[in-house]
Amino acid sequence: MTRVEYASVSAWLPAILADFAGSPVAGWDVRLIDFDPARPGDVVALIPDIDTWVIPTKPSAHLLLLKVADLIGKSFVNVKGLDDLADTPEGVAMEIASTLQDHVMDNLNTTWPEVAVDGRTVVLEPRLGPDGTPRWEGRGVEPCPFGQLAYRLT
(Lines give C-alpha, C1' and ligand atoms only; values in the text may rest on other atoms or scores of the structure.)
Protein backbone atom coordinates (compact mmCIF):
# COMPACT_ATOMS: atom_id res chain seq x y z
CA MET A 1 0.00 0.00 0.00
CA THR A 2 1.15 3.50 -0.61
CA ARG A 3 0.99 6.24 1.99
CA VAL A 4 -2.05 7.71 0.21
CA GLU A 5 -3.84 4.41 0.61
CA TYR A 6 -2.73 4.17 4.23
CA ALA A 7 -4.26 7.59 4.88
CA SER A 8 -7.46 6.51 3.14
CA VAL A 9 -7.67 3.34 5.23
CA SER A 10 -6.86 5.15 8.46
CA ALA A 11 -9.67 7.59 7.70
CA TRP A 12 -12.10 4.67 8.06
CA LEU A 13 -10.82 3.66 11.52
CA PRO A 14 -12.89 6.17 13.58
CA ALA A 15 -16.11 5.06 11.83
CA ILE A 16 -15.25 1.40 12.39
CA LEU A 17 -14.44 1.95 16.06
CA ALA A 18 -17.68 3.93 16.50
CA ASP A 19 -19.55 0.83 15.34
CA PHE A 20 -17.95 -1.15 18.16
CA ALA A 21 -18.98 1.27 20.94
CA GLY A 22 -20.48 -0.74 23.79
CA SER A 23 -18.67 -3.90 22.69
CA PRO A 24 -15.46 -5.31 24.19
CA VAL A 25 -13.48 -3.40 21.51
CA ALA A 26 -14.18 -0.19 23.46
CA GLY A 27 -11.61 -1.37 26.03
CA TRP A 28 -9.02 -2.57 23.52
CA ASP A 29 -6.01 -0.98 21.89
CA VAL A 30 -6.78 -0.98 18.16
CA ARG A 31 -4.12 0.58 15.95
CA LEU A 32 -3.46 0.80 12.27
CA ILE A 33 0.30 0.81 11.75
CA ASP A 34 2.20 1.93 8.68
CA PHE A 35 5.22 -0.27 9.25
CA ASP A 36 8.53 0.54 7.58
CA PRO A 37 10.59 -2.70 7.61
CA ALA A 38 13.76 -0.62 7.47
CA ARG A 39 12.82 0.91 10.83
CA PRO A 40 11.48 -1.90 13.09
CA GLY A 41 12.45 0.12 16.15
CA ASP A 42 9.58 2.50 15.42
CA VAL A 43 7.03 -0.13 16.48
CA VAL A 44 9.05 -2.48 18.66
CA ALA A 45 7.33 -1.11 21.80
CA LEU A 46 3.97 -2.02 20.30
CA ILE A 47 5.03 -5.34 18.77
CA PRO A 48 8.19 -6.61 20.50
CA ASP A 49 8.94 -9.42 18.04
CA ILE A 50 8.18 -7.40 14.88
CA ASP A 51 11.58 -8.00 13.31
CA THR A 52 11.30 -11.78 13.69
CA TRP A 53 7.98 -12.28 11.94
CA VAL A 54 8.01 -9.52 9.32
CA ILE A 55 10.40 -10.37 6.54
CA PRO A 56 10.04 -7.73 3.83
CA THR A 57 10.24 -8.75 0.21
CA LYS A 58 11.59 -5.26 -0.48
CA PRO A 59 13.43 -3.48 2.33
CA SER A 60 11.85 -0.18 1.32
CA ALA A 61 8.27 -1.54 1.18
CA HIS A 62 5.87 -0.36 3.86
CA LEU A 63 3.39 -2.82 5.36
CA LEU A 64 -0.05 -2.01 6.69
CA LEU A 65 -0.67 -3.76 10.01
CA LEU A 66 -3.64 -3.94 12.36
CA LYS A 67 -2.83 -4.38 16.04
CA VAL A 68 -5.63 -5.44 18.40
CA ALA A 69 -4.85 -5.93 22.09
CA ASP A 70 -6.99 -6.45 25.16
CA LEU A 71 -5.78 -3.78 27.59
CA ILE A 72 -8.04 -4.74 30.49
CA GLY A 73 -7.48 -8.49 30.80
CA LYS A 74 -4.29 -8.51 28.74
CA SER A 75 -5.43 -11.86 27.43
CA PHE A 76 -4.42 -11.38 23.81
CA VAL A 77 -2.45 -9.31 21.33
CA ASN A 78 -3.09 -9.88 17.64
CA VAL A 79 -1.20 -8.31 14.76
CA LYS A 80 -2.52 -8.87 11.27
CA GLY A 81 -1.02 -7.83 7.94
CA LEU A 82 -3.64 -6.12 5.78
CA ASP A 83 -1.79 -5.56 2.52
CA ASP A 84 -2.88 -8.75 0.79
CA LEU A 85 -6.51 -8.74 1.93
CA ALA A 86 -8.06 -6.13 -0.36
CA ASP A 87 -7.23 -3.82 -3.25
CA THR A 88 -9.04 -0.71 -2.02
CA PRO A 89 -9.10 1.24 1.24
CA GLU A 90 -12.80 0.38 1.55
CA GLY A 91 -12.02 -3.32 1.19
CA VAL A 92 -9.34 -3.07 3.87
CA ALA A 93 -11.81 -1.21 6.12
CA MET A 94 -14.22 -4.12 5.70
CA GLU A 95 -11.43 -6.57 6.63
CA ILE A 96 -10.64 -4.53 9.76
CA ALA A 97 -14.30 -4.57 10.82
CA SER A 98 -14.49 -8.32 10.14
CA THR A 99 -11.36 -8.94 12.23
CA LEU A 100 -12.75 -6.88 15.13
CA GLN A 101 -16.10 -8.66 14.82
CA ASP A 102 -14.32 -12.03 15.11
CA HIS A 103 -12.51 -10.86 18.24
CA VAL A 104 -15.75 -9.61 19.81
CA MET A 105 -17.54 -12.88 19.08
CA ASP A 106 -14.62 -14.84 20.56
CA ASN A 107 -14.68 -12.61 23.64
CA LEU A 108 -18.47 -12.83 24.10
CA ASN A 109 -18.68 -16.45 22.97
CA THR A 110 -21.72 -15.60 20.83
CA THR A 111 -22.64 -13.93 17.55
CA TRP A 112 -22.40 -10.13 17.28
CA PRO A 113 -23.91 -7.75 16.25
CA GLU A 114 -27.49 -8.94 16.14
CA VAL A 115 -30.72 -7.16 15.26
CA ALA A 116 -34.31 -8.39 15.48
CA VAL A 117 -36.26 -8.61 12.22
CA ASP A 118 -39.85 -9.89 12.24
CA GLY A 119 -39.27 -11.87 15.43
CA ARG A 120 -36.03 -13.47 14.30
CA THR A 121 -32.42 -12.63 15.07
CA VAL A 122 -30.17 -11.54 12.21
CA VAL A 123 -26.40 -11.28 12.56
CA LEU A 124 -24.93 -8.36 10.64
CA GLU A 125 -21.68 -8.79 8.75
CA PRO A 126 -19.32 -6.26 7.17
CA ARG A 127 -19.67 -6.24 3.38
CA LEU A 128 -18.96 -3.95 0.48
CA GLY A 129 -22.07 -2.42 -1.03
CA PRO A 130 -22.67 -2.23 -4.79
CA ASP A 131 -20.96 1.18 -4.83
CA GLY A 132 -17.90 -0.22 -3.01
CA THR A 133 -18.72 1.45 0.31
CA PRO A 134 -18.29 -0.72 3.43
CA ARG A 135 -21.45 -1.37 5.40
CA TRP A 136 -23.12 -3.85 7.72
CA GLU A 137 -25.54 -6.23 6.01
CA GLY A 138 -27.85 -9.02 7.06
CA ARG A 139 -30.68 -10.99 5.48
CA GLY A 140 -33.82 -8.86 5.44
CA VAL A 141 -32.11 -5.87 7.08
CA GLU A 142 -31.59 -2.45 5.54
CA PRO A 143 -27.79 -2.05 5.08
CA CYS A 144 -26.10 0.15 7.65
CA PRO A 145 -23.09 2.26 6.60
CA PHE A 146 -19.93 2.03 8.69
CA GLY A 147 -20.02 4.52 11.53
CA GLN A 148 -23.77 4.16 12.13
CA LEU A 149 -24.08 0.68 13.64
CA ALA A 150 -24.27 1.89 17.24
CA TYR A 151 -27.47 3.79 16.34
CA ARG A 152 -28.93 0.67 14.70
CA LEU A 153 -28.26 -1.46 17.78
CA THR A 154 -29.92 0.89 20.30
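Asn78 is found in strand β3, which covers residues 77-81, strands here being DSSP runs of type E of at least two residues, and helices runs of H or I of at least four residues, both numbered from the N terminus. The structure is a predicted model, in which local features need pLDDT of at least 70 and side-chain atom pairs count only at pLDDT 80 or more, whereas totals for chains, interfaces and linings use all residues. Residues are numbered from 1 along each chain as its sequence is written, and side-chain values use heavy atoms, with hydrogens and water left out.

Asn78 counts as partly exposed because its relative accessibility is 26%; by the convention used, buried means under 20% relative accessible area, exposed means over 50%, and partly exposed lies in between, with a 1.4 Å probe and protein chains only. Although Asn78 and Val68 are ten residues apart in sequence, their C-alpha atoms lie 5.2 Å apart in space. When residues up to four places away in sequence are not counted, Asn78 touches Leu66, Lys67, Val68 and His103, a contact being defined by heavy atoms within 4.5 Å.

Strand β6 (residues 125-128) is joined to β7 by four bridges, and Pro126 has Trp136 of β7 as its bridge partner. Five residues lie between the strands in the hairpin of β6 and β7, where Gly132 takes a positive phi near 85 degrees. Three bridges join β7 to strand β8, residues 141-145, with Trp136 partnered by Cys144 of β8 and Arg135 standing opposite Pro145. The hairpin of β7 and β8 has two residues between its strands, and Gly140 in this turn has a positive phi of about 80 degrees. Strand β7 itself, residues 134-138, has a covered face formed by Pro134, Trp136 and Gly138, while Arg135 and Glu137 make up the uncovered one.

Technical notes. Pairing = 2+ DSSP bridges.
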